[in-house]
Amino acid sequence: MNYDSQLDTALNALHDEGRYRIFLDIRRQRGRFPYADWVQPDGSTREITVWCGNDYLGMGQNPIVLDAMADAMNVAGAGSGGTRNISGTTIYHRKLEAELADLHDKEAALVFTSAYIANESVLSVLPKLFPGLVIFSDALNHASMIEGVKHSRAPKHIFRHNDVAHLRALLEAADPKAPKLIAFESVYSMDGDFGPIAEICDLAEEFGALTYLDEVHAVGMYGARGGGLAQEWGLSQRIDILNGTLGKAFGVMGGYVAASAKMVDAIRSYAPGFIFTTSLTPALAAGGAASVAYLKAHPELRVAHQAAASVLKTRFRAAGLPVMDNPSHIVPVLVGNPVHCKKLSDRLLWDHGIYAQPINFPTVPRGTERLRFTPSPVHDSALIDGLVGALDGLWQACALNRMDMAG
């Protein structure tokens, strides 16, 4: 086989479909989020505004978080020195896990290097803990959950997105004696809709199933203390295993699960993705703990964030732009074509200094390509004005299907 030729074929297919991903080299500006420097190949820079980031509340520049990280690095050095079971568990990791357990009103929490790894590791190991486990998974679950279910090799059933009736039918058809787990999300990040948490918990109790809830796009942003949508709706105690991230609203890096002490102990003891991975650096753990503690006590950031998202949705609708309706902070504008989506993204960047990455297949189904905007408390009214005006102008002038980006 000509391996280079085969790679060319694979890459050219992405180019032809308009799905080839180009990464911008940016340097975020501490103290000036959401501004960043777009670094060019020759080293020169151009200032842009980031509209597609996941640092939803600007905590990546919070002085309390930065000071905690700097202090930990000055005391403990750069790395953790090993896996959690071989010298890589520090006082900073323990503090972070205590903060997370408290955030979710759980007995314990376990920190991973990312929420992706947490999902994949935990979902794949659960059948070892519960032999014969049958998994019921929402059709729009994140790729990390899909991989975890796949690697678990457990029997699985995919229920239609947020379709509680379909889930009930699948549960009724399953072996009543088999252990069961329902895996779903609270905020689905591409459409921005909410999962029916209470209804799924009702079914879990009726059929004797465990609940596994991914709150990655909700932790820090919903609930009286930032514990997510389950906390906001008073349902935290009905969730058996909750997955969250430190890399979005908390502005740092890492993932975790929160559950009973016994569940966490079993996962810690059996999950290869935890056992054999170098632990987070002390600085990241310290920054995460400081961010979690801060957001527990500062609901005004959540209020400001929801207000910014609401304003942007209203402005887009008033301009006649096809913003996808949802109750969350996610603001997706449906384009429906990968080439047009990429062209709109490029023109926003080149002409207006607005960075909004195109979202194409396989992240979303074909035909639902979109631009996904994430307004935050640090996107002020002037930036919102600029974004709405720029996108509206491009939409009207280019009529999408006749857009010419040759120049």
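Author: Let us begin with strand pairing: two strands pair if DSSP finds at least two bridges between them. Helices (H or I, at least four residues) and strands (E, at least two) are DSSP runs, numbered from the N terminus. The model is predicted, so to speak of local features requires pLDDT of at least 70 and side-chain atom pairs count only at pLDDT 80 or more, whereas totals for chains, interfaces and linings use all residues. Residues are numbered from 1 along each chain as its sequence is written, and side-chain values use heavy atoms, with hydrogens and water left out.

Reader: Which residue stands opposite Pro358 in E14?

Author: Leu371 stands opposite Pro358. Strand E14 (residues 370-373) runs antiparallel to E13, and 2 bridges join them. These strands belong to an open sheet of 3 strands, in the order E11-E14-E13, with antiparallel pairing.

Reader: Why is one side of E11 and of E13 left without a neighbour in the sheet?

Author: Strand E11 (331-334) and strand E13 (358-359) stand at the edges and have a single partner strand each, so one side of each lacks a neighbour in the sheet.

Reader: Which helices lie across these strands?

Author: Contact means heavy atoms within 4.5 Å. Axes are lines fitted to C-alpha atoms, for helices over the stretch in contact, and angles between N-to-C directions run from 0 to 180 degrees. Helix H12 (residues 299-318) lies across E11 and E14, at about 20 degrees to E11. Helix H13 (residues 338-352) lies across E13 and E14, at about 45 degrees to E14.

Reader: What is the strand order in the open sheet with mixed pairing?

Author: The order is E1-E2-E3-E12, a sheet of 4 strands. Strand E1 (26-28) and strand E12 (354-355) are its edge strands, each pairing on one side only. Over 2 bridges, strand E3 (residues 45-50) pairs with E12 in the parallel sense; Thr49 has Ile354 as its bridge partner in E12.

Reader: Is strand E10 mostly covered or uncovered?

Author: Buried means under 20% relative accessible area, exposed over 50%, and partly exposed in between (1.4 Å probe, protein chains only). Strand E10 (residues 255-259) is mostly covered, with 5 of its 5 residues buried. Gly255, Val257 and Ala259 are buried on one side, and Tyr256 and Ala258 on the other. E10 is joined to E4 by 5 antiparallel bridges, and Phe112 has Gly255 as its bridge partner in E10. Strand E9 (residues 241-245) is joined to E10 by 4 bridges, also antiparallel, with Leu242 opposite Ala258.

Reader: Which residues lie nearest the centre of the second largest pocket?

Author: Ile22, Phe23, Leu24, Trp38 and Leu349 do, among 16 lining residues. H13 gives the largest share of that lining, 5 residues.

Technical notes. On a 1 Å grid over the protein atoms alone, a cavity is a set of points where a 1.4 Å probe fits but cannot get out, and a pocket is an open set with protein on both sides within 12 Å along at least five of seven lines; lining residues have an atom within 4 Å of a point.
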